[in-house]
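Q: Could you go through this structure and set each label against the definition that stands behind it?

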Amino acid sequence: MFHTVRYIQKSGTSNVLKVVFVMMLMAGSLIMPANALTTSEFGYKLHPEKLLENTTGDLQIFAISNDIMIPKNIQNLKAISSDTNIIKILEVEEDSEKVTKNIKIKAIKPGIATIVLAAPGFSSKEISLEVFNNNNYPTQILMKVTPDSFSVDGPKYGYVAVELATTGGLPTIAEEDVIVYVETPNTDVIELRNSEIVISQGKYFGIIEFDIVGSGDAVIFADTEGMKKVSENVEILEAEGPLEIQLTIIPKTFNSFSGAKGYAIAQLVDAKGIPVASEEDIMLELGVENPDVSMNTSHDFEEVLFDQNRITIKKGEYSAYTKFTPRPNLADFSDSNQQTFDMFISVDNYLARGDTFTVLHDEIGGLEGEGPSITEAIPFLTTGKEEIIGVTYFETDIEVSRQIGGSTQGNTNRQLVTVTVPVMAKNDFELNISSSDSNTVDAKNSIMKKSENVVLIKGNTGTMTSDSNVELYITDNDGVKTVSALPNGPVEDDIDLKTEPLIPMVLSGYEFPILGYLVESTEEDSETTTTEDEEEEKDPRLGPTLFVKDGFLTFSANELVNIESVKVFQNQEYALSYPIIEEVGSTTLNAQIGKFTGSMALTSHTTDPTAIHLGYIDNMLVNEINLGTIQLLDSVGNPVYAKENTTIQLVSNDESILKIPEQITIQQGEYFNTFEIEPKGEGVAEIAILSENLPLSKYDISVIDISPILSLDLGGTMNWNDRIEAKLSISIPEIETALNGYQVEWITEGGEIRSIDKETNTEGVAILNIIANDMDTVSITAKVTGNGISENTISKSAKILNMPVIEEVVETTETTTEFPLDMTVIVLIIIPVGIAGALLFLKRTDRLDLITEKIPIGDKLNLGDRMEEIKEKISDIRNR
């Protein structure tokens with residue numbers, strides 16, 4: 001541009017209009033279209049943060065970028081509420097120069113409403129605000145079922161507890177007796193012992209029990225007048241099916257001439273063959289199928305004689321048995337040496353699996369002796385009661401002569417064969433029986449009665465088993481024999497102690513119920529995870545189980561909980577205690593019984609104020625006054641009114657960063673107080689909040705001093721007496737939005753100021769125009785200040801090309817009094833308005849006289865006269 005101007009100045013007066021044209025281009029280049037503005041985002045802070053119904057609050061609005069508050073003014077802010085029945089907007093603060101703008105709102109009733117914000121230059125925003133209920137009287141019931149899952153072999157009853165609570169979910173006392181009605185539609189699974197729970201005046205909970213009568217899932221409903229109906233589920237695990245009746249016959253070999261007896265034992269078992277306690281009485285009928293029906297003399301021929309052919313597995317038990325003996329003359333109805341019979345079970349609604357036994361027809365008579373003995377174990381549950389664990393019988397192997405084929409020359413063909421035959425006790429014979437693990441089963445000695453060949457083995461079972469095998473040692477006339485027992489029950493190493501409150505929430509200063517019980521689980525069970533599409537498979541044998549032995553459930557010393565030990569007996573389902581938590585707080589209560597330990601987390605609540613909460617804007621700006629709000633909360637974090645004047649001390653650990661009042665007071669009947677926070681310098685300050693009878697609260701508040709990057713560009717020809725444009729730009733790396741409203745102080749030397757911006761525009765730009773005067777150097781300094789930033793300064797200097805070019809032009813210019821009419825006319829036709837604008841520009845910049853001196857116009861007419869001459873020529877042309 002500089003060289004172009006110099007060229008035109010040296011090219012003669014005939015090109016004066018070219019000078020004007022170039023000047024127009026220069027002027028046009030200074031009028032550039034503004035870049036599209038970046039929209040800003042709204043930030044907000046509600047004071048107080050938790051708003052109670054029928055109270056007012058302030059919604060503080062400000063501009064943010066990258067979650068950092070920026071000092072941008074918000075003009076023409078609009079706000080509406082999505083539900084004026086919950087939150088009503090009372091007033092939107094009028095436009096001002098403040099960075100933050102307040103919206104006064106009123107909370108009408110509990111609920112959630114959305115506040116919609118919009119303003120020019122900002123993206124619209126929806127803010128969800130919640131209004132809390134301020135009552136401390138019961139508005140709802142809470143419910144808990146314990147345990148909520150039952151195993152196949154565990155306790156057969158549980159507890160249902162309901163308690164009164166406020167809208168905020170805090171337990172509260174009944175002002176009068178409250179009747180809660182409970183019911184379940186799943187009466188085939190559980191049975192409630194009562195249909196009503198009474199919460200007496202001055203209490204806050206009530207408890208009833210329910211019995212397990214089946215398996216499956218059940219739901220329990222609780223309802224009371226004026227409160228929402230609630231429900232809880234309970235799961236009763238079912239044994240792995242299908243269940244069946246399994247028949248076991250011991251011994252399996254008989255002789256039709258000995259009169260020996262056997263036991264037929266029926267057990268209810270699951271798919272794995274493990275016994276299952278019955279949920280009902282199961283009637284069984286035993287029968288025997290004759291392998292050779294053609295030999296029967298009548299349809300009601302009895303192959304065996306039962307002590308009872310109809311037996312019952314009673315509810316809560318898993319086995320039933322009877323004795324039987326083969327028909328004494330059974331050999332008369334068969335031509336073979338032995339027969340195998342099928343004993344079957346007739347039963348409704350269950351699968352049944354029978355067993356077989358063999359009857360020999362060798363005429364050997366009865367054998368007597370003291371053995372040898374054989375013991376067979378049968379599956380049993382460790383119920384803590386006496387159970388049948390096996391059967392012992394006497395039998396031996398002997399050789400007998402059997403006829404084979406026909407006879408030769410009057411002699412019968414015979415051969416010796418070895419057969420197993422029963423042995424009848426010669427006298428009463430005591431069997432000494434012991435166990436390798438008496439905690440699982442303590443086997444009892446049995447007596448084989450004279451003339452008997454079989455006896456049941458019983459033992460007092462424990463309520464758990466061990467990982468290792470349990471052996472039974474039987475001593476008879478042959479010595480000690482070992483048989484592996486078949487116990488089924490909780491594994492000792494998988495048992496844990498569990499303690500938990502029977503109610504959902506605990507009220508400080510009042511008794512509450514704690515339940516202790518044993519639970520069997522495995523590492524595999526606790527680590528099992530399932531996907532949403534995969535139903536979780538539970539081992540029905542795992543879950544609550546009975547206490548394994550007598551003892552005391554003891555609790556460790558605790559600062560908050562006062563609780564006594566509880567006496568527990570073997571096979572007892574639960575241990576129930578009623579401790580008190582005197583103060584509001586949280587603790588862990590440890591418990592132990594025998595080798596089993598457990599712990600539970602306890603938290604007590606109250607409707608009184610228990611905590612102080614501070615609401616403030618994150619990342620405050622230096623020198624920008626902010627609001628802070630102190631409010632009182634209850635034990636679950638809901639806002640609550642002060643029951644007396646509450647004085648609160650505030651301490652900043654660094655007043656060079658943050659300055660706050662030393663003390664504020666929340667008056668009786670109020671729940672918050674608002675105060676000013678004054679950020680002084682960049683950094684993090686800790687605010688400690690102290691008040692009597694309330695815990696210490698601490699908050700770390702960040703103060704940000706935004707450090708803008710300044711750039712100062714000088715534009716123009718840098719010629720003497722030409723305009724220089726100083727363009728100051730502000731950018732801040734931490735934020736993306738443009739910044740306006742920063743104050744700019746200009747300091748110049750070596751020039752005359754023609755126009756000045758005292759603050760940045762929407763693009764963060766401020767411009768200074770200055771005319772270079774007689775000094776050969778122009779210096780410009782800009783000092784930038786504003787909310788959120790400290791003072792920043794930038795300077796720049798320019799060397800002025802101060803040599804006048806007028807003498808050079810006079811020396812090289814040819815003098816003429818002629819003005820080329822043709823050229824003038826052509827130019828005037830093309831850009832008449834441009835010439836007029838150029839002349840006006842020259843006039844305003846005091847250069848018109850200088851140019852007229854350089855332009856040869858004949859008799860030194862002034863330019864005004866020349867313009868009149870040109871106008872006349874244009875008129876002439878038009879008339880032609």
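Q: What makes Val198 a residue of strand E15, and why is Val198 called partly exposed?
A: Val198 is found in strand E15, residues 196–199, where strands (E, at least two residues) and helices (H or I, at least four) are DSSP runs numbered from the N terminus. Its relative accessible area is 43%, and since buried means under 20%, exposed over 50% and partly exposed in between, with a 1.4 Å probe and protein chains only, Val198 is partly exposed. The model is a predicted one, in which local features need pLDDT of at least 70 and side-chain atom pairs count only at pLDDT 80 or more, while totals for chains, interfaces and linings use all residues. Residues are numbered from 1 along each chain as its sequence is written, and side-chain values use heavy atoms, with hydrogens and water left out.

Q: Which residues make the nonpolar surface patch that includes Val198, and what makes it a patch?
A: Ile179, Tyr181 and Val198 make a nonpolar surface patch of about 260 Å². Patches are made of residues with over 30% relative accessible area and no salt bridge, nonpolar side chains (Val, Leu, Ile, Met, Phe, Trp, Tyr) being joined within 5 Å and like charges within 9 Å. A salt bridge here is a side-chain nitrogen of Lys or Arg within 4 Å of a carboxyl oxygen of Asp or Glu, and accessible areas come from the Shrake-Rupley method with a 1.4 Å probe, only the protein chains shown counting as cover for residues.

Q: Why is the patch that holds Asp281 called negative?
A: Glu238, Glu279, Glu280, Asp281 and Glu317 gather in this surface patch, and Asp and Glu count as negative, Lys and Arg as positive, with His and the chain ends not counted. The place of a charge is taken as CG of Asp, CD of Glu, NZ of Lys or CZ of Arg. Asp281 itself lies in the loop between strand E21 (262–269) and strand E22 (282–289), and at a relative accessible area of 45% it is partly exposed.

Q: How do you know that strand E1 is largely enclosed, and which strand does E1 pair with?
A: Five of the seven residues of strand E1 (residues 41–47) are buried, so E1 is largely enclosed by the rest of the structure. E1 pairs in the antiparallel sense with strand E3 (residues 55–65) over seven bridges, where pairing requires that DSSP finds at least two bridges between two strands. Within this pair, Tyr44 has Ile61 in E3 as its bridge partner.

Q: What makes E52 and E56 the edges of their sheet?
A: Four strands form an open antiparallel sheet in the order E52-E54-E58-E56. Strand E52 (611–615) and strand E56 (658–659) each have a single partner strand, so one side of each is left without a neighbour in the sheet. Elsewhere in this sheet, strand E54 (residues 626–633) and strand E58 (residues 672–679) pair over six bridges, with Ile630 opposite Asn673 in E58.

Q: Why is Asn693 called exposed, whereas Asn721 is called partly exposed?
A: Asn693 has 76% relative accessibility and therefore counts as exposed, whereas Asn721, with a relative accessible area of 30%, is partly exposed. Asn693 is found in the loop between strand E59 (683–691) and strand E60 (694–704), and its phi is near 65 degrees, a positive value in a residue other than glycine. Asn721 lies in the loop between strand E61 (709–715) and strand E62 (723–731), with phi near 70 degrees.
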